[in-house]
Amino acid sequence: MIRHFSIPATALLAALVLLAPLPFASVMPLERAAAQAVVFVALTFAVAAARDGVVSRPVLGIALIPITVAVIGLLQSLPWPRFVVELVAADLVTAWDAGASLRGAPPPEWVPFTLTPAVTHSSALAWLAAAAAFVAAAVIGRDRGHRRVLGLALLGSAVFTVAYGTERWFRGSNTLWGIEVPGDVGRLRGTFVNPDHYAMFLAMVIAVTTAWLWWTTRRALDGGRLERQLGLVAPPALAMLLLFVALAFTGSRAGFIAVVGAVTVQGFLLVWHYKRLRVGLYALLALTVGIVGVLSFGVESGFGRFLDTSAYDLTWSKRYEVWAATLDLWWTLPWTGSGLGTFRQAFPLVQSAGMEPWDAAHSDYLELLAALGIVAVPLLGALLWFLSRHLLAALRRGRRSEDRAAALAALGAAAAVAAHSLVDFGLQMPANALIFAVLCGAAAGVPVYRSMPKIETTDRRRRRRRRSTERTDQDEAAERAAADAAAR
């Protein structure tokens, strides 16, 4: 194994995790292109550092799914004979004919399976970058030292965004890096334009700190001086308190529900793994710490937007209208979709009179269905199934407790992203997508046992150490007695 190539791969991924959220979540074309370039260069170094068998088949199988989505997007952006498109997507041909008529041009003889080929091509590249980040992180994720570097970079990025956003929030500033952006100045947004998208980023980091808190608590229970135990538990507990308070001040209802769901899932996973209810209290403790921290700042300040939600917002909000329209859009083009990333251009096809235009469906699942057609269902299902299955195997059969903590962090982040994506589109932010891919990849690459090892509980370790100490004392007493007898 050419190990020195893993160092630049780790450095590049750490720089990506640290810096990608800072410039508007990398949504601008230049920053997005730079982040994607960093990912592909990191993948090159990771491949150079890998040996046969380092990248497991499950990892490659998981990466193949976003690659398939990217390939479909590339095929959609290519021109096809008109009669081929008419067979499966006649409305697309009608839309292209209408555009040609407005320009005074004849109907095109070659038509792509998308309304905007450039946008679809860009979206396909984003999916390829996510797959590359996943594989690169899986290669370097075998080493716990490299995973620690990625974790420190993620925590540093989160702390910086909280500090930067809090300073602007106190001043009532509506600018980011000197540029005025729209939105409510009363909601914390960090370095993101949309506070809800920032909430997804914080939710992923909170899932990581929850796993960190479980790991340090587990080590603290092994014994030792009180100072050591506090030194282990205090940093993740304080980090979780800070992040939970920041999440509350984003005012994101979806973000809060996603975090509660993620920490709950992590607690159930711990109970399932150890077959003991007590270890599940670690996650409950983490959730309690966060909620108490928010409540200490005042219910109205932390949960005001959540508590002020009216019945109309819950049952008849405009999001339900756009969800219904998105389903209509999919039904209009059920087999091919409107093209990857083209929701904004395709929405006028189903927009009713008096309905405002929407740039996103506020549900990544529905938007992917409308963009790719029916093929999105098996692809999305396969991604969720194989990713969760492999991460559960890493949690169950990880060789070190730190390896299992990485799997627990990725599973929590996946639960948070899955819940948040039901009602928002935060994963369309390049920073969120790439960080999520790195988190899952680093956890998917941990070394695992081929068969289930015998798990030694904390009580069992204590009894073993006590017996070992007693045997040592007995041996020393026998040696002293023998020495006294020889002296006499």
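Predicted model: local features only at pLDDT ≥ 70, side-chain atom pairs only at ≥ 80, totals over all residues.
## Salt bridges around helix α4

The count of salt bridges in the model comes to nine. One of them joins R82 to E86, with the closest N and O atoms 3.3 Å apart; both residues lie in helix α4, separated by four residues, or about one turn of the helix. R82 counts as buried at 18% relative accessibility, because the limit for that class is under 20%, whereas E86, at 38%, counts as partly exposed.

R82 also meets D97 in a salt bridge, with an N to O distance of 2.5 Å. This pair links distant parts of the chain, since D97 belongs to helix α5 (residues 90-102) and R82 to helix α4, 15 residues apart.

The side chains of D403 and R147 form a salt bridge at 2.4 Å, N to O. D403 lies in helix α18 and R147 in helix α7, so the pair ties together parts that are 256 residues apart in sequence. Both partners count as buried, D403 at 3% relative accessibility and R147 at 9%. Elsewhere, salt bridges with shared partners join R82, E86 and D97 into one network.

## The second largest pocket

The second largest pocket has a volume of about 620 Å³. It is lined by 24 residues, of which R147, R148, G151, V208 and W212 are the closest to its centre; R147 is also the salt-bridge partner of D403.

Helices α7 (144-171), α8 (195-220), α18 (401-420) and α19 (430-444) each contribute at least two residues to the lining. By residue class, the lining of this pocket divides into 18 nonpolar, three polar and three charged residues.

## The nonpolar surface patch

F83, L87, V88, W335, I374, V375 and V377 make a nonpolar surface patch of about 710 Å². Helix α4 (residues 82-88) provides the largest share of this patch, with three residues. V375, another member of the patch, is placed in the loop between α16 (364-372) and α17 (376-397), and is partly exposed, with a relative accessible area of 30%.

Most residues other than glycine have a negative phi. In the loop between α1 (6-19) and α2 (29-49), F24 has a positive phi, near 60 degrees, and A25, which lies in the loop between α1 and α2, likewise has a positive phi near 60 degrees. F24 counts as buried at 12% relative accessibility, and A25 is buried with a relative accessible area of 1%.

Conventions. Residues numbered from 1 in each chain as written. Heavy atoms only, no water. Patch = residues over 30% accessible without salt bridge, like charges linked within 9 Å, V, L, I, M, F, W, Y side chains within 5 Å. Areas by Shrake-Rupley, 256 points an atom, 1.4 Å probe, with all protein chains shown as cover. Salt bridge = Lys/Arg side-chain N within 4 Å of Asp/Glu carboxyl O. Buried < 20%, exposed > 50% of the residue type's maximum accessible area, 1.4 Å probe, protein only. 1 Å grid on protein atoms, 1.4 Å probe; cavity = no way out; pocket = protein on both sides within 12 Å on 5 of 7 lines; lining within 4 Å. Points joined across faces, edges and corners; volume = space filled by probe spheres on them. Nonpolar A, V, L, I, M, F, W, Y, C, P; charged D, E, K, R; others polar.
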